[in-house]
Amino acid sequence: MSKQLLEDLSWRGLLYQQTDEEGMTALLDKEKVALYCGVDPTADSMHIGHIVPLLTLRRFQMHGHQPILLVGGATGTIGDPSGRSEERQLQSMEQVDQNVAAITEQMKRIFDFEADNGAKMVNNKDWISNMTIIDFLRDYGKLVNINYLLGKDSISSRLDTGLSFTEFAYTLIQGIDFNHLYDHHNCRVQIGGSDQWGNITTGLEMIRKTHDEEAKAFGITIPLVTKADGTKFGKTAGGAVWLDAEKTTPYEFFQFWINTADADVIKYLKIFTFVSREEIEALEKAVQEQPHLREAQKRLAKEMTELIHGVEAHEQAVRISQALFSGNLKELTVSEMKDAFKDVPTSEVPKQDANIVDLLVEAAVSPSKRQAREDVTNGAISINGEKVTDVAYTVTGTDRLDDQFMIVRRGKKNYRMIQFLQ
């Protein structure tokens, strides 16, 4: 069973480093184990870059192993120096606690908590916050040599630009986490992104030094996900792609995946979805032979949107996309319109009745009254999906959605949101 799992992880490109490949394979063959992955609550939502190790951990659960999900209520107040060139801005304890609660809810969408090997949620604040500075220095500080810590990339890369003792000590606290989970939850494996290798090996060092018996714990890291052109994955013009529907709407989330380049889509299906190897290979063939159908992108968007936001959110995103493609906006609800046109150019005008020609010019839809009249008479103007062809038409409150905004289309693809001000 472990061979099948590890071969699948390898095929999906999810294995980067292992501390002891043979030892871990033997362990997984022999018994069902507990594994953990940690997320620091540096924001009140995870983004899609956070979830690759979590989805990998979910694959272990699907093979009978038990996931332990650690949200860093303690480490999140300190800041991980890994992958950073400067000190992290510290957050208040209250903000961190709020972030923990939000991220915990997001974890529940990904994992099965009801099965015999149901996922466990833990917060390292529960054991770190009760530790005194003397306990920390005597019980753990003595275990790790300074030269050992200076060899960590996350630390050595910051020596020239500066590193506080707070962030310098971060790797020790994460090592305490692994040691605690090893003792109290029989956790034998830690999974993390490639930037977590130094923190994972510190945990293994602590386990080795605090146990008389031959301690057997292991670490795995996941490669950094990049685009085919080598650029960073998970960023859009609007910033990160968040799991929180308030930060990134389900429609925007769906659009991110549906717009995946052909060169990347099969790779992302392997990394992010639980679609079988046979299905992915069939979709790969479809990309090569019928790329215009975008079957792989549709499947990727469906799997990810349903996983994070549910089936209904995916169906809504598809409905919005179809309405935009056909130009039939009348099929959309007001809230769907808001989601669909969140990022289109927006103009603000006074909330008052206005002639359509005057409004088009004032809202910068048409560059002049002459052009506006031509646009209207030629049938190039639609308001909320309805064509307007009469230059004498008056825009009134019945055209304002929620009495706040209106969607104007000029031609086939030029949309603008007009917001009405009091």
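## Helix 19 and its cover

In this predicted model, the cover over the buried residues of helix 19 includes helix 18 (356-362), strand 11 (381-383) and strand 14 (405-410). Contact here means heavy atoms within 4.5 Å. Helices (DSSP runs of H or I, at least four residues) and strands (runs of E, at least two) are numbered from the N terminus.

Helix 19 spans residues 369-377, and its buried residues are Ala-372, Asp-375 and Val-376. Seen down the helix axis, these residues fall within an arc of 95 degrees, so they line one face of helix 19. The arc is taken from the directions from the helix axis to the C-beta atoms. Buried means under 20% relative accessible area, exposed over 50%, and partly exposed in between (1.4 Å probe, protein chains only). After helix 19 comes Gly-379, with a positive phi near 75 degrees.

Two strands pair if DSSP finds at least two bridges between them. Strand 11 and strand 14 are antiparallel and share three bridges. Ile-381 stands opposite Arg-410 in strand 14.

A UniProt record (unreviewed entry) lists residues 355-416 as "domain: RNA-binding S4". UniProt positions follow the numbering used here, feature names are shortened, and annotations may be inferred rather than shown by experiment. Over residues 355-416 the chain is 26% helix and 27% strand.

## Aromatic pairs

The whole structure holds ten aromatic pairs. Rings of Phe, Tyr and Trp (its six-membered ring) pair if their centres lie within 6.5 Å; planes under 30 degrees apart count as stacked, over 60 as edge-to-face and the rest as tilted. Phe-233 and Tyr-268 form an edge-to-face pair, 5.0 Å centre to centre with 65 degrees between the planes. Phe-233 lies in the loop between strand 6 (218-222) and strand 7, and Tyr-268 in helix 13 (residues 262-272), so the pair ties together parts 35 residues apart in sequence.

Ring pairs link Phe-233, Phe-253, Phe-256, Trp-257, Tyr-268 and Phe-272 into a cluster.

## Confidence and conventions

The protein chain averages a pLDDT (the predictor's confidence in each residue, from 0 to 100) of 87. Residues are numbered from 1 along each chain as its sequence is written. Local features need pLDDT of at least 70, side-chain atom pairs count only at pLDDT 80 or more, totals for chains, interfaces and linings use all residues, and side-chain values use heavy atoms, without hydrogens and water.
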